[in-house]
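Hello,

Here is the structure we spoke of, for you to look over. My notes on its cavities and its domains follow.

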Amino acid sequence: MKVDGKDMRPIWFEKESETVQVIDQRFLPHKLIIEDLNTVDDTIHAIREMYVRGAPLIGATGAFGVYVILVQENNKGGDNEYLVSECKRLKDARPTAVNLSWGVDRVMSVALNRDNYKARVKAALDEALKIVEEEVVNCRKIGEYGMSVIEEISKEKNGKPVNILTHCNAGWLACIEYGTATAPIYAAFDNNIDVHVWVDETRPLNQGSRLTAWELGKHGVPHTIITDNAGGHVMQHGMVDLVIVGTDRTTRAGDVANKIGTYLKALAAKDNNIPFYVALPSSTFDWEITDGLADIPIEERDPGEIRYVQGLCNGKIEKVLVPPEASKAANHAFDVTPARLVTGFITERGIVRAAEKDIMSLFPDKKK
Ligand code: MRU
């Protein structure tokens, strides 16, 4: 996507220096900082500390991470056990988004299939680059399929703006291009459908107000930031036509783990008869599990992310303490929305109901 006229992605391979580079998203929208990922520890740190975040991007970063391990491994004589154990460390960087283990395992198995070191390094890099391009195509298709939902509502409203609520950032910063939840919005906007986006600020790290608002603004999409608590109110007052969110892990039965607060939006949408769609590439389905509440690991992060708020102060990025110094805080980073609250999934293969039978008929190749 374009940032001030320049093509940008949140991760890329710089051919000249043979380096994996990422946007450090922690400082957006106020500072655009680029970092190199030279070692597996750099890569783990970037995922854990959320320089890179969002399920498809974490998957792509993990995929490049295997290449990075191999380049470092130069000194370790192509040892399989070393590669597998370093990949395990990489997969443990964040627990909820299934894309991370998916990306790492896919590149690792391709690499392990090559018997000489040089071929391994090349195969790992090629596979990571392939994953990136596949996810770009997946998100473009999600945009095309999802646009039809927006188009239909626009027709029903005689061209009046379609109000779409989204939570967290499931935009190109979280993917590579287009985003998942935002792909249908960008597609509709680019096709002259009048849209307006309610952007949940998404505490504690404000991926909505910092990142989604920045992305939408750079593309010219009309949007308004609301507090996380305002969603129910705007829905009750007819100000929301459609909710679209992303996901970090979705079971084969359609339970959805996404950024904390998504469940409450789904409940409010149900109570107000507002369609609630989840947009995702197939890399975000966990085909091994059916029960989201029982089987999806929910990340608990540093309570400091709740106790402090970050923003721009006199031209400098600062963090300030909000609650009493002594109060405890608990930082559950994701929640699970049961399939019964989801209207449908927008995937690269089309739109499907949130039920195991329907999902598996769209993805018959994923049957156990
Ligand atoms: O903690 P984050 O910022 O990695 O959480 C991201 C989300 O919850 C996104 O909605 C999800 O990864 C989907 S990204 C297309």
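The second largest cavity holds about 50 Å³ of space, in a model that is predicted. Its lining includes Met50, Pro204, Leu205, Lys259, Arg301, Glu305 and His332. By class, that lining has 5 nonpolar, 3 polar and 3 charged residues.

The search of the whole structure gave 3 cavities of 30 Å³ or more. The largest cavity has a volume of about 180 Å³. It is lined by 21 residues, and those nearest its centre are Gly54, Ala55, Asn169, Asp248 and Asn258. Two elements, α2 (55–73) and β11 (256–259), each give two or more residues to this lining. The lining of the largest cavity divides into 9 nonpolar, 8 polar and 4 charged residues.

On the domains themselves: the C-alpha centres of domain 1 and domain 2 are 25 Å apart. In the contact between them, 32 residues of domain 1 meet 34 residues of domain 2. The two domains bury about 2,800 Å² between them, with 59% of that on carbon and sulfur atoms. Arg53, Thr96 and Val98 supply 22% of the area that domain 1 buries against domain 2, more than any other three residues.

The interface of domain 1 and domain 2 has 3 salt bridges across it. Separately listed is a salt bridge between the side chains of Lys218 and Asp4, at 2.9 Å from N to O.

Regards

Note on methods
Residues numbered from 1 in each chain as written. Predicted model: local features only at pLDDT ≥ 70, side-chain atom pairs only at ≥ 80, totals over all residues. Heavy atoms only, no water. 1 Å grid on protein atoms, 1.4 Å probe; cavity = no way out; pocket = protein on both sides within 12 Å on 5 of 7 lines; lining within 4 Å. Points joined across faces, edges and corners; volume = space filled by probe spheres on them. Helix = DSSP H or I, 4+ residues; strand = E, 2+ residues; numbered from the N terminus. Nonpolar A, V, L, I, M, F, W, Y, C, P; charged D, E, K, R; others polar. Domains from an automatic or database assignment. Contact = heavy atoms within 4.5 Å. Buried area = accessible area lost by both parts, 1.4 Å probe. Salt bridge = Lys/Arg side-chain N within 4 Å of Asp/Glu carboxyl O.
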